[in-house]
Amino acid sequence: MSALFPTYARWDVTAVKGEGATLTDKDGKQYLDFIAGIAVCNLGHCHPKVNAALEKQLHSLWHVSNLFQIEGQERVAQLLVDHSVGDYVFFCNSGAEANEAAIKLARKATGKHHIVSMKQSFHGRTLGSMAATGQEKIHAGFGPLLTEFTYVTLNDEKELAGAVTADTAAIIVEVIQGEGGVLPMSKEYAKKLSQICEQYQCLLIVDEVQTGIGRTGTAFAYEQLELSPDIITVAKGLGNGFPVGALIGKKELKEAFSPGSHGSTFGGNPLAMAAAEAVVTEVFTPEFLADVQQKGDYFKQRLEQALASFSIVKEVRGNGLILGVACHVEAAPIITECRERGLLVLPAGPNVVRLLPPLIVSNEELNRATGILAEAIAAVNEKEQLSI
Ligand SMILES: *Cc1c(COP(=O)(O)O)cnc(C)c1O
């Protein structure tokens, strides 16, 4: 009996301790954690520098209202601005809130309402971010939705050109659709996106909630497609598990977020900023980011080699340390087989196994995960062969 709303189909695992890329459950069983709280614990569980920063803050000040000067916010905002094309930052507590703020800012700054979003996208669960999410199963039962959203297919330039008009306030995209199946945006599409935003004077919102903070081997994933977003939203990896989100925007948008226009009680409180400052200071260095890129390339290559012979595997895709193994069969049984063998992985859509190790993962752990995944896929592949 549980007093919780059954909003999650929970697994029968109770984690009690985390260290680096390892989770230990209440029976002492250890798992290699390639979920990392869904791309949240980018520095691994209980990273010493993040722990130390939080512990220090814990004994001086937890929270003050945003009516006060908050030095941590100034520092984290400067770090985010220094490593992005944005100029100003607004702090909130989650990805959905960051996207909610982005929708509000885009409307207010442009005076327009229409927003184009991608099918299979995921932007969150609030009424605004849910409307931006191009998945019917997420809308089901919660209508009427926020109006004036049009959903188009990622990487289909014609559909995009047909959907955007002079009345479009913004286009919101993920550079790699995380929940939607680890689907990367193509270079050509990115170019078209920039061109259309310019042509119709609409804003480009890049949702980096899952791909940002070093996940793809650059500070943000949009850099690799040479996009120049007007608004960037981040959350997941920003606090390494401490709830915090942010919207980063270009200077032209400053006036639209004038005093009293938007706000959050908890957004950017000193504890959240202590975590975020420690994370961003660690992640946003050329050495750290190059290491992520290198490990991502290595892992992808290892996976391609190890999985090449299985007929149920379609392809390995993604970039840096957000990778997906797309299958011709349902991902769920593979994920269960992995878990039983001590590897925690996620689905992304019905047919993709999503791999999101902490960015501090070692090559040895990547090798171990590759081995377990190959065993799990072999087991499912065999069952599949028998059933044909
Ligand atoms: C997880 C996610 C969100 C929602 O973040 P929450 O913190 O759960 O509100 C939004 N966009 C993307 C791309 C995500 O992966």
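This is a predicted model: local features need pLDDT of at least 70, side-chain atom pairs count only at pLDDT 80 or more; totals for chains, interfaces and linings use all residues.

1. Two packed helices are described by the angle between their axes and the distance between the axes. For helix α10 (residues 286-307) and helix α12 (residues 363-387), the axes come within 10 Å and cross at roughly 25 degrees. Because angles under 35 degrees count as roughly parallel, α10 is roughly parallel to α12, and the crossing of the pair is right-handed.

2. On the α10 side, this contact is formed by Lys295, Tyr298, Phe299, Arg302, Leu303, Ala306 and Leu307, which meet Asn363, Leu366, Asn367, Thr370, Leu373, Ala374 and Ile377 of α12. By residue class, the contact of α10 with α12 comprises nine nonpolar, three polar and two charged residues.

3. Helix α12 also packs against helix α11 (residues 332-340), with axes that come within 9 Å and cross at roughly 130 degrees. The two helices, α11 and α12, are therefore oblique to each other, and their crossing is right-handed. From α11 the contact draws on Pro333, Ile334, Glu337 and Cys338, and from α12 on Ile372, Leu373, Ala376, Ile377, Ala379, Val380 and Lys383. Here the division is nine nonpolar, no polar and two charged residues. Readers may note that Leu373 and Ile377 of α12 take part in the contact with α10 and also in the contact with α11.

4. Which residues are around the ligand? They are Ser94, Gly95, Ala96, Asn99, Phe122, His123, Gly124, Glu174, Asp207, Val209, Gln210 and Lys236. Within this set, a backbone N or O atom of Ala96 is placed 2.8 Å from an oxygen atom of the ligand, while a backbone N or O atom of Phe122 is 3.2 Å from a ligand nitrogen atom. For Asp207 it is the side chain that is involved, with one of its N or O atoms 2.7 Å from a nitrogen atom of the ligand.

5. Most residues other than glycine have a negative phi, and most peptide bonds are trans. Two places in the backbone should be read with that in mind. Gly143 and Pro144 are joined by a cis peptide bond, with omega at about -5 degrees, and Pro144 belongs to the loop between α6 (136-139) and β6 (149-152). Ala39, which is not a glycine, has a positive phi of about 60 degrees and lies in helix α1 (residues 36-39).

Notes:
Residues are numbered from 1 along each chain as its sequence is written. Side-chain values use heavy atoms; hydrogens and water are left out. Axes are lines fitted to C-alpha atoms, for helices over the stretch in contact, and angles run from 0 to 180 degrees between N-to-C directions. Helices (H or I, at least four residues) and strands (E, at least two) are DSSP runs, numbered from the N terminus. Angles under 35 degrees count as roughly parallel, over 145 as roughly antiparallel, 65 to 115 as roughly perpendicular and the rest as oblique. A crossing is left-handed if the near helix is turned anticlockwise from the far one by less than a right angle, and right-handed if clockwise. Contact means heavy atoms within 4.5 Å. Ala, Val, Leu, Ile, Met, Phe, Trp, Tyr, Cys and Pro count as nonpolar, Asp, Glu, Lys and Arg as charged, and the others, Gly among them, as polar. A residue is near a molecule or strand if one of its heavy atoms lies within 4 Å of it. A polar contact is a pair of N or O atoms within 3.5 Å; within protein, one must be able to donate a hydrogen and the other to accept it, and residues adjacent in sequence count only if both atoms are side-chain atoms.
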